[in-house]
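Morning, everyone. I'll go through the sheets, then the chain as a whole, then some individual residues.

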Amino acid sequence: MPETTAAVATHCPYCALQCGTRLDHEGDTVTVHPSDFPVNRGRLCQKGWTAPALLSTPGRLLHPLVRGPDGRLAPTDWDTALDTVAAGLKRVRAAHGPDAVGVFGGGGLTNEKAYLLGKFARLALGTSQIDYNGRFCMSSAAAAGNAAFGIDRGLPFPVTDLAEAEVILLAGANPAETMPPLMHHLGRAELIVLDPRRTRTAERAALHLQPAPGTDLALALGLLHIAVAEGYLDKRYVDERTTGFDAAWARAAAWWPERVERVTGVPAAEQYEAVRMLAEAGRRYVLTGRGVEQHSKGTDTAAAFINLALALGLPGREGSGYGCLTGQGNGQGGREHGQKADQLPGYRMITDPKARAHVAGVWGVDPKVLPGPGRSAYELLDALGTPAGPRALLLFGSNPVVSAPHAAHVTERLAALDLLVVADFVPSETTELADVVLPVAQWAEEEGTMTNLEGRVLRRRALLPPPPGVRSDLEVLHGLAVRLGEPGHRYPVAPREVFDELRAASAGGRADYSGITYDRLDAGEALYWPCPDSPAGGPSGAPGRDGRARPAHPGTPRMFLDRFAHPDGRARFAEVDHRGPAETTTADRPLYATTGRVLAQYQSGAQTRRVPELNEAAGEVFVEVHPDTAERFGLREGEPALVSSARGGTVARVRLDGTLRTDTVFLPFHFPGRGRANLLTNPALDPHSRMPEFKVCAVRIEPWAGPV
């Protein structure tokens, strides 16, 4: 258990930038100070400055809770809580089989917790039914990146490289609100921003392209068309370092600028200017975010922007490149070590016999006992409580009642379970449905590692021990595993011990952490994966032929400089074509709704809505509407409106914005109850990534006379 210290160097608990901080503890007060860490350089956003408030937030979960015969959650002791969970899991498995138990993880869990959660699911429970909320975040760019480059790392270069850029194209990303310290690195560059809204990032752009929701793929195809037609194709790079250009160009050739303008609403002249700016700059980048990915064609859209970057010769060149801005705090590491339905640690695929054999060897089991791939996140939630789906669910670090698409339906499915167990450190809309709630430690009370958006592995350090009555997630998994008949040594509770096992399990995988150690991280080394333990044919520190110890692998801050990760060393163009959103407007629902984040809130808001300063800045849901659209539908500034889709309705206050498209409304997704934007969103899934279509659905809007 961590001990109280006076000060500690650690990282912010929120986004994937993982800003460096120093926490100081004096008496009952914890203060935060930004450090000169490369990604933030002495800066923090509003959320980072107020993060210590979470440590003493009223209503903190401090005791296990079990729902009694009266239907109420009541405090109990840990043995009773864990015995209750284990007995319930045994009943469900005995009656319905191992896949009747599901596990749902989170992109904010440390690498150690994500790793042990996947191991627990596949060995202690024997279930294939595990996925995590990161499926809703990065999965489309991950699928596109793996296909194009043979590996998925959000930024295959350090964030600091962006500070020297001349031009950066930002597609579907709003870092001025979602990760403000990043903007310091973008200050020198001319920005080209693609977004249906004039966001704070777009306000700083040299050029803002404002496509209709759901048409980013057509726009990317059109930009590639112009790049080739105007003679900007880097033919030598394409010939020497890529394959598949001809098939990709055959699709893009049909997307001339005037056609793209008809589909997207982006003037042809602006398309030409965007390509000219990007192609004629010396140091240039293409970066994508959730606006590109959260569609039923998000993988193809991300691939289309990768195609543009490849045609211009950007990836694998120092000073240029393609990258994706990962969102959640451990969104990168969380998808690498086994809590995804189709993966094993080290970013290995669970269907690969060699991968199964390697991981089974580390775990000391026969590969045959490892289950196969399971359902993706929304498919898992959709199946809960059904005859063919899980009847029990263990949920760690997520709040799907607010964050999942088609939220009313997901809430119904959670309520239909025989057993719902939630581990969290604050109450949430999902804990309200739970049969058992397990209070766990939070960021400044635990040790571990995180992997930020640039693939750098970081040390999370504890300032304080958890409050009495609170345990770590690792202790929870250990306690449950032992009660389910597993040997205790298989589920360590010390983060360093778990990480050492993770290193062995990841060795030789796409995300190889085997050369990374706590000692190296604590010594201040900047280690980016892949970082194998055998830089010259043998383990680090082992003697070479000359008798001298081999140096440790330095990590890989910049990927692809010599070759891409496919066996032939070449990147792949993708043959993609535009198709519309899964749901289009109708006479009854004539507008598109799109969703996103605001500066002062984070994800489902379960944490940030408890911080007074953040609630003062953004305390309730709103709907942005163009003044002409508001007049058309009888809406007024500040008055409540009902926004309705085929799945449900959200009540929000009207906020007029003359820069918004007249066919579009925008809602942030951080708020509970009738203010849940995800009551509207469409669970139509991308066929490759299984990403739901959060970013576009057909709605109508009307004045609301009821309570807000």
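Start with the open sheet of seven strands. Its order is β5-β4-β18-β17-β16-β6-β7, and the pairing is mixed. At the edges sit β5, residues 73-75, and β7, residues 130-132, and each pairs on one side only. From one strand to the next the twist averages 15°. One caution before we go on: this is a predicted model.

Strand β4, residues 65-67, pairs with β5 in the antiparallel sense, over three bridges.

Three strands, in the order β1-β2-β3, with antiparallel pairing. β1 (7-11) and β3 (29-34) stand at the edges with a single partner strand each, so one side of each has no neighbour in the sheet. Ignoring direction, neighbouring strands here are turned by 30° against each other on average. Strand β2, residues 20-26, runs antiparallel to β3, and six bridges join them. Aspartate 24 stands opposite threonine 31 in β3.

Now go to the other end of the numbering. Strand β29 covers residues 697-703, and three bridges join it to β22, running antiparallel. There, tyrosine 592 stands opposite alanine 698 in β29. β29 also pairs with strand β24, residues 640-644, in the antiparallel sense, this time over four bridges. In that pairing valine 643 stands opposite isoleucine 701 in β29.

Step back to the whole chain. It has 22 helices and 29 strands. How does its radius of gyration compare with the globule rule? The value is 25 Å, close to the 27 Å that the rule gives for 708 residues, so the chain is as compact as a globular protein of that length. The C-alpha trace spans about 80 × 65 × 55 Å along its principal axes. Buried residues make up 63% of the 708. On contacts: take those with a separation of 6 or more, and residues 24 or more positions apart account for 73% of them. The accessible surface comes to about 24000 Å², with 49% of that belonging to carbon and sulfur atoms.

Now a helix. α19, residues 495-506, has 12 residues. From its first C-alpha to its last it reaches 16 Å, close to the 16 Å expected at 1.5 Å a residue. Which of its residues are buried? They are Pro495, Val498, Phe499, Glu501, Leu502, Arg503, Ala505 and Ser506. Note that Glu501 and Arg503 are on that list. A reminder on geometry: an α-helix has 3.6 residues a turn, so residues three or four places apart point the same way. What do the buried residues of α19 pack against? The partners are α3 (111-124), β15, α14 (353-363), β19 (448-451), α18 (473-483) and α20. After α19 comes glycine 508, with a positive phi near 85°.

α3 was one of those partners, so let's visit a residue in it. Alanine 114 is found in helix α3. Buried or exposed? Alanine 114 is buried, because its relative accessible area is 0%. Leave aside its neighbours within four places in sequence, and alanine 114 is in contact with Leu109, Gly334, His337 and Gln339. For scale, take alanine 114 and glycine 282, which are 168 residues apart along the chain. Their C-alpha atoms are separated by 40 Å.

Last, the backbone. Most residues other than glycine have a negative phi, and most peptide bonds are trans. Here are some exceptions.

Tyrosine 347 is not a glycine, yet its phi is positive, about 60°. Tyrosine 347 is found in the loop between β14 (343-344) and β15 (348-349). At 1% relative accessibility, tyrosine 347 counts as buried, because the cut-off is under 20%.

Glutamine 603 also has a positive phi, near 45°. Its place is in the loop between β22 (591-596) and α21 (612-617).

And a cis bond: the peptide bond from tryptophan 529 to proline 530, with omega near 0°. Proline 530 is found in the loop between α20 (518-522) and β21 (571-572).

That's the tour. Over to you.

Terms used: Residues numbered from 1 in each chain as written. Predicted model: local features only at pLDDT ≥ 70, side-chain atom pairs only at ≥ 80, totals over all residues. Heavy atoms only, no water. Pairing = 2+ DSSP bridges. Helix = DSSP H or I, 4+ residues; strand = E, 2+ residues; numbered from the N terminus. Axes fitted to C-alpha atoms, helices over the stretch in contact; angles between N-to-C directions. Rg over C-alpha atoms; globule rule 2.2 N^0.38 Å. Buried < 20%, exposed > 50% of the residue type's maximum accessible area, 1.4 Å probe, protein only. Contact = heavy atoms within 4.5 Å. Areas by Shrake-Rupley, 256 points an atom, 1.4 Å probe, with all protein chains shown as cover. Expected span 1.5 Å × (residues − 1).
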